[in-house]
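Please walk through the model below one region at a time.

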Amino acid sequence: MTVVPRLVLSAPSSGHGKSALAVGLLTALAERDLTVTGFKVGPDQVDAAYLGLAAGRPGRNLDPRLVGGSRLVPLFAHGAEGAGLALVQGTMGLYDSVSGHPEEESTAAVATALRSPVVLAVDVAAMGQSVAALIHGFRSYDEQLWLGGVILTQVASSRHESMLREALDDIGVPVYGALRRHELPPVLPARRHGVVPALSRDGEAVRAVRRLGEAVAATVDLDRLLVLARSAPPLTVETPLIDPAILTGEASIPVASPTAEAPGTAAAPVPSGRPVVAVAGGVGGSYGHPETVELLRAAGAEVVSVDPLRDEKLPPGTRALVVGGALPETYAEELSANRRLCIAVAELARTGRPVVAEGAGLLWLARELDGLPMCGVLDATATRRDGLVIGYRTATARTDSVIAATDTVLVGYKQHRAVLTPRAGQTPAWSWEGGTPEGFVWQGVHASQLTLHWAADPGIATRLVAAATATAPPR
């Protein structure tokens, strides 16, 4: 059993301000010296990164499609350990699902699985008393859903606010805050920068987060929200997300605290003899999911950080490299200019050490991207185009690798503009229905534009650490 005060913040649809509101809520509550943590429903690692910046703890993704429904509650409980409030930011509208399975994958489904109250952010710029009909419909649509109240955004005036509050009071729906049109400004860095401003603690990002926190603190009744969050019932967690005894057979191996900010921050001194696994990222975390680092530590690795945009060499003793899928494609010039690190990565791969690259990490390993030289590990070139490839894939492993055994089936997520030529090497990484094989497996390298969530298969960390530990490099 775990007792975690929690809220799910959703909206009738995209565009109601829930991202800015979620960041502002976490910032405002953290300023009260409350330990808070943030989660994002779905695969969006950019939103998760800003939730992490606001909370001072890693932002995490709760994605039933990527990790499987049975691991959703353990994943939440693991990330929320020690928190005084866990805030879950929804995706799209409350009952929406990209895959067409809202009963399993929507924000409403996640809220029901977490037994959490839901607060709706509602843009009321063009709405009056009809807000009551809208909210009544959302509340009545699913009897299992716990709709705890609303926060109004884009309110025009005091008179407008009074009208809205009266209408909602008539149907018994609490209003926890009302923000004027200028009080929730679009101040977060442009999404083309991806997670980099949040992970690098960029000044613009820090100032934006602080400004949103100030706006929320001045307009939202935080005390009443906390009362609602603390009314959430205990959750039953039958199997922990990370169990060192299961991963390694040694229950004594320490696991990193979920409050650690950077990949190189350990919860306890690392025992000697652990293989060094470098994980690409910045001072505020990695380009992968936080669970990747934690699973690697639990499997016996010493995890250290390497910043591909700034560091000119791999950490001393590096025996494996992991590049998560949130590395943005837009930083091609910076990646190419860091020639010393490119050479070091190529040498690591040439010696057969494990190198796992997802998303734009694959482009970094290629010969060139948009005509700019990259690491040259893979005999392929990439070009960015206007169209965006996006969506989930149920993928089958085409060969044995550090990621998976042949014929293993995992769900991943793709979001990229770059097109690779060739799309796959002589030994592809994945295939899926309706598509040609993609990705590269070569010696210890596994590179693909498909991004996985390692919590779906903790054995990935075990395989990688075993390969990194091997006396002879894998061939």
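Leaving aside residues up to four places away in sequence, Leu 164 touches Val 124, Met 127, Gly 128, Val 131, Leu 152 and Val 155. The model is a predicted one, and the contacts of Leu 164 are to be read as contacts in that prediction. Leu 164 belongs to helix H8, which covers residues 158-170. Its relative accessible area is 0%, so Leu 164 is buried, the limit for that class being under 20%. Lys 414 lies 250 residues from Leu 164 along the chain, and the C-alpha atoms of the two are separated by 41 Å.

The next element to look at is the sheet. An open sheet is formed by seven strands, in the order E3-E2-E4-E1-E5-E6-E7, and their pairing is parallel. Strand E3 (60-62) and strand E7 (175-180) are the edge strands, each of them pairing on one side only. From one strand to the next, the twist averages 25 degrees. Helix H8 packs on this sheet, where it touches strand E6 (147-155) and E7, and the direction of H8 makes about 155 degrees with that of E7. Within the sheet, strand E1 (residues 6-10) pairs with strand E5 (residues 118-123) in the parallel sense, over three bridges. Val 8 has Val 118 as its bridge partner in E5. Strands of a sheet pair through backbone hydrogen bonds, in either a parallel or an antiparallel arrangement.

A helix pair comes next. Helix H1 (residues 18-30) packs with helix H11 (residues 222-230) at an angle of about 100 degrees, and the axes of the two helices are 12 Å apart. Angles of 65 to 115 degrees count as roughly perpendicular, and H1 and H11 are therefore roughly perpendicular to each other. H1 contributes Leu 25, Ala 28 and Leu 29 to the contact, while H11 contributes Leu 222, Leu 225 and Leu 226. Sorted by class, this contact of H1 with H11 has six nonpolar residues, no polar ones and no charged ones.

Several loops have backbone geometry worth checking. In the loop between helix H9 (196-199) and helix H10 (203-219) is Arg 201. Although Arg 201 is not a glycine, its phi is positive, at about 55 degrees. Arg 201 has 27% relative accessibility and therefore counts as partly exposed. Asp 407, in the loop between strand E15 (381-397) and E16, likewise is a residue other than glycine with a positive phi, here near 75 degrees. The relative accessible area of Asp 407 is 58%, so this residue is exposed. Pro 422 is placed in the loop between strand E16 (409-421) and strand E17 (430-431). The peptide bond that leads from Thr 421 to Pro 422 is cis, with omega near -5 degrees.

Why is Cys 342 in no disulfide? A disulfide requires two cysteine sulfur atoms within 2.5 Å, and the nearest cysteine sulfur to Cys 342, that of Cys 375, is 3.7 Å away. Cys 375 is in no disulfide either, its nearest cysteine sulfur being that of Cys 342. By this rule the count of disulfides is zero. Cys 342 has a relative accessible area of 1% and is therefore buried. Cys 375, at 9% relative accessibility, counts as buried too.

Terms used: Residues numbered from 1 in each chain as written. Predicted model: local features only at pLDDT ≥ 70, side-chain atom pairs only at ≥ 80, totals over all residues. Heavy atoms only, no water. Axes fitted to C-alpha atoms, helices over the stretch in contact; angles between N-to-C directions. Helix = DSSP H or I, 4+ residues; strand = E, 2+ residues; numbered from the N terminus. Parallel < 35°, antiparallel > 145°, perpendicular 65-115°, else oblique. Contact = heavy atoms within 4.5 Å. Nonpolar A, V, L, I, M, F, W, Y, C, P; charged D, E, K, R; others polar. Buried < 20%, exposed > 50% of the residue type's maximum accessible area, 1.4 Å probe, protein only. Pairing = 2+ DSSP bridges.
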